[in-house]
Amino acid sequence: MISTSRSDLEARLLRAQRLETVGSLAGGIAHDFNNILTTIYGYAEITMDEVDKGSAMYENMNRIISAVSRARSLTSQMLTFSRQIDQEKIPVNIWKVVNETTEFLRSTLPENIELIDNSLDNGIFVLADPTQLFRVFMNLFSNAVLAMEPNGGKLIVEIETVGGKKESRRVEIKVADNGAGMDEEVMRRIFEPFYTTRPVGKGTGLGLSVVHGIVSELGGDIGVQSEMGAGSVFTISIPLMADNDNLSYAKETGRNLLFISENMHESAVLRQAIEKIGYKVALAESSEEYLLKIRSGLPEPDLIVFMDEFNGFTLKDIQDHLVREDLKIPVLLITGSQDLILDESFLNSDFVRHFLLKPVSLMEVKHAIEVILTGK
Amino acid sequence: MSAILLVDDESDVREMIRVSLEKNKYTVIEACNGKEAIAKFKPSLVDVVITDILMPEEDGLEVIMKLKELKPEIKIIAISGGGKAGPNNYLSLARALGADFSFGKPFSVKELLLRVRELTG
């Protein structure tokens, strides 16, 4: 059992309760929904026990369980939508985040789409959660790419500062495409939660409403101009960081974290933010690099942050290695895979101490790291 | 005779888990919140507690802390549907306080039974 001081735990309990009572409709619905899903799941399993495997009834119960799994995923997304209200903010170089996002996007772009990044690093800083900004830009880029299917086109990104007096200076990020465009009706509604123009099953319609929520919470706004057949321009405007803004720091600075992530761009934004708040971060992009960074003679990391499994490198590989070397390094799992999280053998072992479902915010990751490290 | 103390403010969830436990020959004592759980807890009778976290009138974290004081060797399984923060945060706290296993809702009741079997020997 991890020994923790009572006042420490009481403080964490108060924080958890405060998060709970911050008046989130989505949070309340998700909680009740999860209870109802538990009942449905449970009785489906109880019934499966009482009928013949291979019978129609057994198969029907299996289908109910699959549906519960999909419903759970939707609840998660709803929670993500409501969670955007709380953001852990640090000074963020806007150009760096845009750049990381475009580099990440480049590797997945279809050949008939040209990405033109006109932005420059002018040292423009805003106060924000960079992981949320990454999501915002990824969302806009993905929508632009979809708007240009199947004929292709140009995706143009620009950054500019506007405003005269220091207090009113803002940064504007423009994302333009020459795709299908939208009519007045669609433009009026696109920021509504659950509104989507995509076919059923191809998107929940939460994306732009989350973008709107994140940007609003930063004191910014988002606008769109569009013309059917010509394309769209989304403009995000965010206030620049003021000199006296309060900054966020880790409870214990100087601790060593080892990030394992196959895609350095995807993890770059999060890693840089974690470093900004006071942790030392090393990165391993393959199992070979991981073995290089954890070897005798080098200081052991205090925590491993594992960002999703990839070919040749799974959670089990790490667990086996740590057991073989008798290393007691805790793991924080950040994954997009529901199955990995539902893999109860990891959940209920001391190996994975905490897990988060993507997309994650800086606040969640910082909190998870603190829970694991201060519980030591 | 050992019993399992089952604590959850959601009656449908409680009933489903109780049905499952009783089918597997366990004796179940039910409570609908933390306060009732602590009042009904008898150290000589109960070896395993299954408790939800977010409940009115003393939540699951209080239950874990108090029962661990009354019977340090008590075995605890925490369950949670989460709130705004999602189930993981509460379950991490539960584990830090001494819960042996944790399940985020919706969970497999078969997996829950496996862990109960493990804890009751």
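Trainee: Where does F103(B) lie?
Mentor: This is a predicted model. In it, F103(B) is part of strand 5 of chain B, residues 101-104.

Trainee: Buried or exposed?
Mentor: F103(B) is buried, because its relative accessibility is 3% and the cut-off for buried is under 20%.

Trainee: How far apart are F103(B) and I77(B)?
Mentor: In sequence, 26 residues separate F103(B) from I77(B); in space, their C-alpha atoms are 7.8 Å apart.

Trainee: Staying in chain B, which residues of helix 5 are buried?
Mentor: They are V109(B), L112(B), L113(B), R115(B), V116(B) and L119(B).

Trainee: And how are those arranged around the axis of helix 5 of chain B?
Mentor: Looking down the axis, the buried residues fall within an arc of 165 degrees, so they line one face of the helix.

Trainee: What comes just after helix 5 of chain B?
Mentor: G121(B), which has a positive phi of about 80 degrees.

Trainee: Next one: where is R14(B) found?
Mentor: R14(B) sits in helix 1 of chain B, residues 11-23. With a relative accessible area of 14%, R14(B) counts as buried.

Trainee: What does R14(B) touch?
Mentor: Leaving aside residues up to four places away in sequence, R14(B) touches L6(B), D8(B), D9(B), E30(B), A31(B) and C32(B).

Trainee: Over to chain A. How many helices and strands?
Mentor: Chain A has 13 helices and 12 strands. Of its 376 residues, 50% are buried.

Trainee: What about contacts in chain A between residues at least 6 apart in sequence?
Mentor: Among those, 71% join residues at least 24 apart.

Trainee: At what angle do helix 4 and helix 8 of chain A cross?
Mentor: Roughly 160 degrees, and the axes come within 8 Å of each other. Helix 4 is residues 94-106 and helix 8 is residues 264-276. An angle over 145 degrees counts as roughly antiparallel, and therefore helix 4 and helix 8 of chain A are roughly antiparallel to each other.

Trainee: Which residues make that contact?
Mentor: Helix 4 of chain A supplies K96(A), V97(A), E100(A), E103(A) and F104(A), and helix 8 of chain A supplies H265(A), E266(A), A268(A), V269(A) and Q272(A).

Trainee: And by class?
Mentor: The contact between helix 4 and helix 8 of chain A has 4 nonpolar, 2 polar and 4 charged residues.

Note on methods. Residues are numbered from 1 along each chain as its sequence is written. Chains are lettered from A and ligands numbered from 1 in the order in which they are written. This is a predicted model: local features need pLDDT of at least 70, side-chain atom pairs count only at pLDDT 80 or more; totals for chains, interfaces and linings use all residues. Side-chain values use heavy atoms; hydrogens and water are left out. Axes are lines fitted to C-alpha atoms, for helices over the stretch in contact, and angles run from 0 to 180 degrees between N-to-C directions. Helices (H or I, at least four residues) and strands (E, at least two) are DSSP runs, numbered from the N terminus. Angles under 35 degrees count as roughly parallel, over 145 as roughly antiparallel, 65 to 115 as roughly perpendicular and the rest as oblique. Contact means heavy atoms within 4.5 Å. Ala, Val, Leu, Ile, Met, Phe, Trp, Tyr, Cys and Pro count as nonpolar, Asp, Glu, Lys and Arg as charged, and the others, Gly among them, as polar. Buried means under 20% relative accessible area, exposed over 50%, partly exposed in between (1.4 Å probe, protein chains only). The arc is that of the directions from the helix axis to the C-beta atoms.
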